[in-house]
Each structure stands twice: as C-alpha cells, then as structure tokens.
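Colleague: Here is a model I would like you to examine. Please give me the overall picture briefly, then a close look at a single part.

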Amino acid sequence: MIFIKWILDNYPRFRMLWQRCVGHSLYAKTIEDVNNYINRYLTTAYSLDLSIYEKMVINILDVSIFLDGRQRLQLAFLVLVSAYTASRPGALVYVERNIRVKKRAYLTPNDSLDEMDADKMDVDNDPTNLEEDVKALKTLCYKDVTLVLLLNPRGIRDILAMEVNLQYTKGHHKKPKRKVFLFSEVNNLVFDAIILMLTITIHDNAFRSEKIQSVRDIFRLWVKQPRYSLELKWKKSILKTSIFRQAVLSVDGTQTSSPKDAKALWYYTYIYYLQRLGYIQVMNHKDAGIFQAYMNERVQFDVQAAFLGRPSSDAAMKATSHGSRYIDPRAPTTLDASCQQPLRTHPTVVKCRQLQDSLSAEARRVFGSIKKAAGTEIHKAYLQACAALQAVKVKLRRGEVKKSHDEFFDTIDIDEIDKQLDLSLLDLEEKHWKPEAVEHILLERKRVAKLICEQPADSTKEAALEHRILTIEALVALCRVQEAQPQQTRAYDHTWGIMDEDTAKLVEPNPLGMIYSSKQCPFCFKEFCRPRKMRKHAENQHLKLYKVDKLIPCPNPVCDKEGVILNGHEHFKNHAATVHKSFLFDKYRK
C-alpha cells in the first residue's frame with residue numbers, strides 16, 4: 001500500500017522514469033493493456049460485439065412546445081455552437097452529478113413537478129443544496145464570449161465577429177487548456193450564431209453601455225481610427241452569469257430565470273432537448289482513437305480519378321459519401337397502435353407485471369400502503385420489479401422501432417423501382433411527395449420563420465442589413481414570449497392499455513364553471529387522482545410562489561373578469577372553499 005501511495009503521489013515522475021527506462025510511454029502501455037483486456041477477456045466472457053457500424057449523426061424533428069421563447073432560442077444557439085466547435089454538451093452547460101438534479105431537469109410544458117416529494121420541491125429555495133455561486137459553475141458564461149466590431153473600410157458597415165472560449169472540454173480538470181473559437185457573420189441567417197447571441201444579450205440587457213437599447217444601435221456603430229476593432233463589453237455584474245439558463249417557477253408561470261437570479265441550464269435538460277430533436281452526437285475527445293466510431297468510413301478522395309490522371313469529380317464524391325443520401329422523412333420513428341398492442345401482451349412484460357402486482361399487493365396487505373412500506377425489503381423488491389418492468393418495456397419498444405426502421409429502408413428502394421417500372425401505372429398522374437406544412441401558432445415565431453427562410457427581394461447590401469436587423473428584432477420579440485402550455489389530464493389506465501375497442505370510450509372534459517371537483521386544482525384546473533394530491537400540488541406549485549400576506553388573484557375566468565383579488569393564503573383558501581367548493585385546508589390538521 002505504501003508503494004501504491006507513492007506511485008499515485010509521484011505519478012508524473014514515475015511516468016518520466018518509465019519512459020526513460022523502458023523506451024515508450026506509460027500512457028500508451030496502459031491503453032494497450034486496457035484494449036487487450038477488453039478484446040481478450042471481456043469479449044470472450046460476455047460475447048461482446050466488436051463490429052464497427054455507422055452512427056446516425058443528426059435528424060431534427062421538433063414540434064413540441066417550449067416553456068418560453070428564450071428556451072427555444074438558446075437551444076438553437078447551443079446546437080450551432082456544438083456543431084461549429086464539435087464540442088460535447090458538458091463543455092457548454094452545467095453538469096451536476098446529482099440524481100435530484102437529473103430528475104428536476106426534465107421540466108416541460110406537459111410535465112410538472114407536482115409528483116415530487118416536498119423535500120425535493122424545496123431544493124430550489126435551499127442555497128446549500130445546489131451551487132448558487134456562479135463562480136463555481138462550470139458552464140459557458142458571458143465572460144467566455146466576446147463580441148467585436150471589426151474594421152471594414154470597403155463596406156457600408158463594419159463586421160461583427162464573436163469569440164467563444166471553451167474552458168470545460170473533456171479532460172480540463174487534468175490539463176486545463178483554453179480553446180477560443182472564432183465566429184463570423186453568415187449570409188444564411190439560419191446558421192448565424194452571432195444574431196442569436198445578440199438576441200440573448202439584448203433580452204438580458206447585458207451591454208455595459210447604457211446607450212445600446214436596440215439592435216439598430218449596434219449596427220450604427222463604427223470603428224474609428226486609429227483603432228482596428230471595437231469590443232462590445234458586458235456589464236461587470238453579468239460577467240459570471242451563465243448564458244444558457246434553466247426555466248424556473250415564478251408568479252407569472254414557468255419561464256427562464258433572470259440574470260439576477262440566474263440558474264445555469266443543467267446538462268440533463270440539454271440532453272432532453274437533444275433527444276426531442278432526434279439523434280445528435282457531438283464530441284471533443286482527447287484520444288483520436290475514439291473518433292473511429294464517428295468518422296465516415298468512406299474514402300474522401302477520388303482514387304479512380306487519381307489513377308486515371310483526370311480531374312476529380314468533387315460533386316459526385318460529396319453526393320456519394322455524404323450521410324444525407326440515406327435520409328428519408330417517411331421513415332417510421334414511432335410505433336403505431338397495431339405494433340404497441342403485441343408489446344403489452346409480451347410474455348416478459350406479463351411476467352414482470354405479475355411480479356410487480358404481487359409485490360404491491362403484499363406490501364399493501366402488510367403495511368396498508370406502498371408509501372408506508374418504504375425502507376423495508378419488500379419495498380426494495382417492489383422498486384426493483386418496477387425498474388425491471390420499465391427496462392423491459394423500453395427495450396422492446398426500441399427494438400420494434402429499429403426493426404420497422406430497418407424494414408423500411410430494406411424495402412423502400414425496391415418499392416420505388418417497382419412503381420416506376422410498373423406498366424399499369426404509366427398512365428396515372430404521378431403524385432410527388434410534399435413535406436407536411438408547418439403551422440406556427442405564435443405570430444412571433446411565424447414572423448421569424450418568414451424572415452429567416454425567405455431572402456429579401458432587393459439584393460443590395462443595404463437591403464441585406466435591414467433584413468438582418470428585422471430578423472434580430474423578431475427574435476428578441478420571440479424571446480420575450482411565454483408559450484401557451486396545453487392543459488393535459490393524465491388518464492391512469494389500470495388495464496395497461498389492454499382493452500377492447502368497444503369498451504374504450506373517450507371522456508370529454510367538463511366545461512369549467514364556478515364549482516370545481518374535489519380533485520381539481522383551483523389554479524391550473526388540473527385533475528388529480530386524489531384530493532390529497534391536489535392539495536399538495538396547489539401548495540407546492542402555486543401557493544408557495546406568493547407570500548403569506550400577498551395579494552392573490554383568483555384564476556377562475558368569472559372571478560378574473562370581476563377583478564376578485566384575495567388577501568393572502570388563508571383568504572384564498574376560504575374563497576376557494578366557499579365559492580368554488582375546492583377545499584385546500586388539510587382535513588386532518590389538528
């Protein structure tokens with residue numbers, strides 16, 4: 001043990017001694033030993049598959065609702081920076097190795113925090129549980145980004161450029177190294193990261209100069225002699241504030257945290273957004289051998305032209321070797337109802353479900369409820385059975401999706417050929433495939449899409465500048481919008497979805513009136529399975545946003561129209577009980 005401790009304490013010296021005596025690097029020897037252990041022992045013992053296969057790089061399809069406009073824009077900025085710098089998600093957002101943070105990160109318009117325990121709900125208000133000091137947050141802050149105006153003597157305006165310093169790439173804790181990436185303006189505004197950065201900074205009011213009030217003020221600036229650049233500096237109070245921030249609960253609803261009370265965007269929230277987009281893999285590995293799983297295996301040179309001594313066909317090589325040749329928007333990405341029904345009756349699922357039900361029944365028989373059985377052996381077995389059932393369902397679902405996906409690409413080429421060569425279809429009018437039209441609910445987003453996707457009719461530089469300014473102004477307006485969150489009622493199906501079509505009936509929601517049910521929240525009007533769940537949700541999600549003696553408006557449309565405002569928690573609870581028959585008082589409180 002003393003020798004091992006000495007090796008660990010003096011590892012750099014020992015590594016130099018090893019290389020001097022043996023003649024090669026200890027790091028290379030360690031990698032060789034690890035690879036030999038994997039290829040020889042682990043491969044044989046666990047029947048590992050060492051075959052190399054290509055990975056899907058990107059497939060974007062997102063029709064979901066964001067909590068507010070800023071979450072949408074900062075995600076677009078994150079994706080562009082990740083793509084341009086080939087950086088891992090952990091280099092841009094805050095990584096918290098904590099299971100509670102992982103659970104709280106998936107905050108979406110369709111999922112709230114109402115099912116969490118009270119102690120987990122209070123984590124946001126406890127500064128000792130999370131690192132509130134932005135100095136300790138390893139994420140991209142304003143101090144890591146520099147906006148510079150560069151001299152352009154021959155143009156109608158000077159050029160904007162941006163520097164992004166990524167400090168927290170993989171291996172930064174062992175060997176810190178600055179990596180400064182440069183960004184310039186792009187004519188195609190969809191791929192311009194600078195306009196997104198300008199949008200976020202204007203929304204945060206981050207410029208130190210108080211004269212900058214809009215994007216037009218920025219584009220009116222010039223670089224004066226003898227200077228060759230002009231830096232747009234940030235406020236000193238915002239330098240250590242994270243650019244990408246988490247959505248938090250507030251009186252006005254769920255929205256992005258302000259710069260004053262900034263909460264850095266969590267790694268798991270970013271991963272959730274990436275999973276919504278599809279498959280995005282970004283990397284920044286130190287070991288070049290890891291790139292073998294990501295690199296295109298096709299030779300990127302026209303070897304035939306080199307042998308024949310003729311010019312290479314770059315266009316044909318690019319079209320042949322590019323991964324987009326396999327893209328087909330018609331490929332299935334989810335399972336339809338006909339494919340989901342066999343999964344519910346799969347023998348493995350039925351077996352795991354029976355085990356879970358038996359453990360649940362035994363825990364209820366002995367302790368009265370599953371919650372009261374917490375900490376016992378039967379409760380641990382019940383949790384393991386639940387996890388096993390979920391794992392089996394996810395594995396079967398992913399397997400079926402992959403099977404249908406592979407089957408589609410295995411037959412689509414033959415189907416296309418048969419349709420084109422079928423003589424019986426020659427006289428019919430061919431129907432060309434058209435992508436599904438995108439309908440934007442938000443007027444601000446519709447305006448942004450029109451400005452970004454359509455080029456100005458006038459091709460002059462003045463028109464291009466005005467088009468860029470209008471686009472940034474539209475993005476700022478979208479950044480300030482809080483998107484409408486649809487109210488969805490969870491339908492608990494105790495038959496596990498196995499029911500006849502004749503018995504399945506759609507339950508129409510009751511119109512909102514003055515009288516609520518005992519399970520309906522008087523704030524968001526959401527239905528719960530028990531009144532106790534409703535009271536807990538109202539306390540943790542809504543009432544805690546107001547102080548005990550603060551004025552609280554009644555959310556009911558009739559009361560809101562009449563301007564009913566209650567004075568504090570007790571007054572609101574009395575109003576909800578007497579007027580709306582919604583009892584928020586604890587019946588069992590002594």
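How many helices and strands does the chain have? And at what angle do helix H4 and helix H7 pack?

Modeller: This is a predicted model, where local features need pLDDT of at least 70, side-chain atom pairs count only at pLDDT 80 or more, and totals for chains, interfaces and linings use all residues. Numbering starts from 1 along each chain as its sequence is written, and side-chain values use heavy atoms, leaving out hydrogens and water.

The chain has 19 helices and eight strands. These are DSSP runs numbered from the N terminus: helices are H or I with at least four residues, strands are E with at least two. Of the 590 residues in the chain, 33% are buried, meaning under 20% relative accessible area with a 1.4 Å probe, protein chains only. Take contacts (heavy atoms within 4.5 Å) with a separation of 6 or more: 64% join residues 24 or more positions apart.

Now the close look. H4 spans residues 69–85 and H7 spans residues 193–204. They pack at about 140°, with axes 10 Å apart. Axes are lines fitted to C-alpha atoms over the stretch in contact, and angles run from 0 to 180 degrees between N-to-C directions. From H4, the contact uses Arg 70, Leu 73, Gln 74, Ala 76, Phe 77, Leu 80 and Tyr 84. H7 brings Ala 193, Leu 196, Met 197, Thr 199, Ile 200, His 203 and Asp 204. By class, the contact residues are nine nonpolar (Ala, Val, Leu, Ile, Met, Phe, Trp, Tyr, Cys and Pro), two charged (Asp, Glu, Lys and Arg) and three polar (the others, Gly among them).

Note on methods. Buried means under 20% relative accessible area, exposed over 50%, partly exposed in between (1.4 Å probe, protein chains only).
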